[in-house]
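Biologist: I would like to learn how to read a protein model, feature by feature. Could you show me the general idea each time and then the case at hand?

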Amino acid sequence: MHNNRMKRKIFILFSLFALLCAEVEAKGTKAISANDFLNSLGACSSVSRRGENLNETIENVKYTGLRWLRVGYEDDVPAEDFIRLHRQTNVLLSFGLLSGGNNIDRLITESGQLAEAGALLAIEGANEPNNWAITYQGEKGGGRNSWIPIANLHRDLYKAVKEDPVLKDYPVWAISESGAQTDNAGLQFLIIPESANTLMPAGTQYADYANCHNYIVHPAWSGLHDNQTWLSASPTEDCPVDGLYANYGLTWAKKFPGYSEDKLKTLPRVTTETGYAIHEKEGVTEEIQARLYLNLYLSQYKQGWKHTAIYLLKGRANEPDHEAFAFYTLDNQPKQAAHYLHNFTTILADNKSVPKLGVLDYTIPDQPDTTHDLLLQKSDGHFYLVLWGERFAGGTDSVTVKFGKQHKTVKIYNPTVGVLPIKILNKANSLPLLLTNHPMIIEIEK
């Protein structure tokens, strides 16, 4: 009997201790793996075609720290080029039909080669069928035509991937611009739900992830704005560009209903194109573009996009005007965006997952709506609190980060300056910062 009473007391004490620990942990913010965040950083590339050179692409990926590239079979890049790129950089590849493609067998075969080499990230559907019509099973679809052929193609593509023994566990990314459907083929869903009243039957599955081209500027929202990248990444109706809501919530062309806003917030999603071309008249200089791109990656990840590809890595010989979007010029000179991304990924560099993510107790009193934060943790246990300002219309925000306890060493980095700390504080329990339109990174020893 005495032993039973002791056991009960021990159990009660243990339970109270667990509750106390949970209460303490609840006061802080749980970190996200820095490695997971870095894995989200991508760009569009032709690797060794359209004026790109494989050796240069390898060096560009190493310098910028990008973790994945969006590619497709339309460029006819040899599989050995992709595999060599992966082996020398560890970069992964999303491989897709892209513009006008309809050859499922080829996509499966070449994706399988990449998968067996460990180079495959995901399989992507058609690129913007509103701009590049596709003929499938003898029927022309997309553009101003019916989108039923597009739906049939992607139903069959999804089935082929999931039945393939090599590819079955890889995610399938949806088409881009499903919001342009001319008829309600149900492409605004990953799986068509019951009572959706679409032309394709309920239960039809197209993809595992929604896919958008939510460029951070739009004809209806031109120029620079505060919260430029934050609003563009929003999954709900407040997004002012061609975002998740306009493609999977209520389609922008014909207003076909899709997911509710609550479901959009948790919908698995990726961005396979985004960016902002240098446009001096709109105030987008090379410097501003570089700052936008850092903020863009952060805003996308914080708002739930698992992977984001900026268009594009390097200017293309057959599309010279598109150099204005790129990290590298047509003659392969790094633009400011490449330098700032190099600094950013160097400061945050990590290639291991964190066995157990920690919690950091911090607050930002009276946090302005143009100030955003993301708490990362490296595998060495150190926290990296990233704050970024979105004052692209001008102005500054003065903020103070208050910590729940005093920290022995706090280091502040500015990726627009370099890779070394710009300031080191000892025994810090608060940190004042002046934010404008780029990230600041705070390293905190655990």
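Modeller: What follows takes a helix, a core, some paired strands and a few salt bridges in turn.

Modeller: This is a predicted model, in which local features need pLDDT of at least 70 and side-chain atom pairs count only at pLDDT 80 or more, whereas totals for chains, interfaces and linings use all residues. Residues are numbered from 1 along each chain as its sequence is written, and side-chain values use heavy atoms, with hydrogens and water left out.

Biologist: Which residues of helix 4 are buried?

Modeller: An α-helix has 3.6 residues a turn, so residues three or four places apart point the same way. Helices here are DSSP runs of H or I with at least four residues, strands are runs of E with at least two, and both are numbered from the N terminus. Buried means under 20% relative accessible area, exposed means over 50%, and partly exposed lies in between, using a 1.4 Å probe and protein chains only. In helix 4, which spans residues 79-89, the buried residues are A79, D81, F82, I83, L85, H86 and T89. Among the elements that cover them are helix 3 (54-64), strand 4 (68-72), strand 5 (92-98) and helix 5 (104-116). Just after helix 4, N90 has a positive phi of about 70 degrees.

Biologist: Which residues touch the most other members of the largest nonpolar core?

Modeller: In soluble globular proteins, nonpolar side chains tend to be buried together. A nonpolar core is a set of buried Ala, Val, Leu, Ile, Met, Phe, Trp, Tyr and Cys residues joined through side-chain atoms within 4.5 Å. The largest one here has 110 residues, of which F37, L69, L85, Y248 and F327 touch the most other members. Helix 10 (residues 286-302) gives the most to this core, with nine residues. If we count contacts as heavy atoms within 4.5 Å and leave out residues up to four places away in sequence, L85 touches V47, L54, T57, I58, V61, L69, N90, V91 and L93. A second, separate core of 21 residues includes A31, L385, F403 and M440.

Biologist: Which strands pair with strand 17?

Modeller: Two strands pair if DSSP finds at least two bridges between them. Strand 17 (residues 397-413) is joined by two bridges to strand 14 (residues 362-363), running antiparallel, and T363 stands opposite K402. Strand 17 also pairs in the antiparallel sense with strand 18 (residues 423-435) over 11 bridges, where K402 stands opposite S430. Four bridges join strand 17 to strand 19 (residues 439-444), again antiparallel, with V410 opposite I444.

Biologist: How many salt bridges are there?

Modeller: Side chains of opposite charge can pair when their charged atoms come close. The rule asks for a side-chain nitrogen of Lys or Arg within 4 Å of a carboxyl oxygen of Asp or Glu, and by this rule the count comes to 14. In one of them, R50 meets E319 with the closest N and O atoms 2.9 Å apart. This pair links distant parts of the chain, 269 residues apart.

Biologist: Where do D76 and R106 lie?

Modeller: Their side chains meet in a salt bridge (2.6 Å, N to O). D76 lies in the loop between strand 4 and helix 4 and R106 in helix 5, so the pair ties together parts that are 30 residues apart in sequence. D76 is partly exposed at 47% relative accessible area, and R106 is also partly exposed, at 26%.
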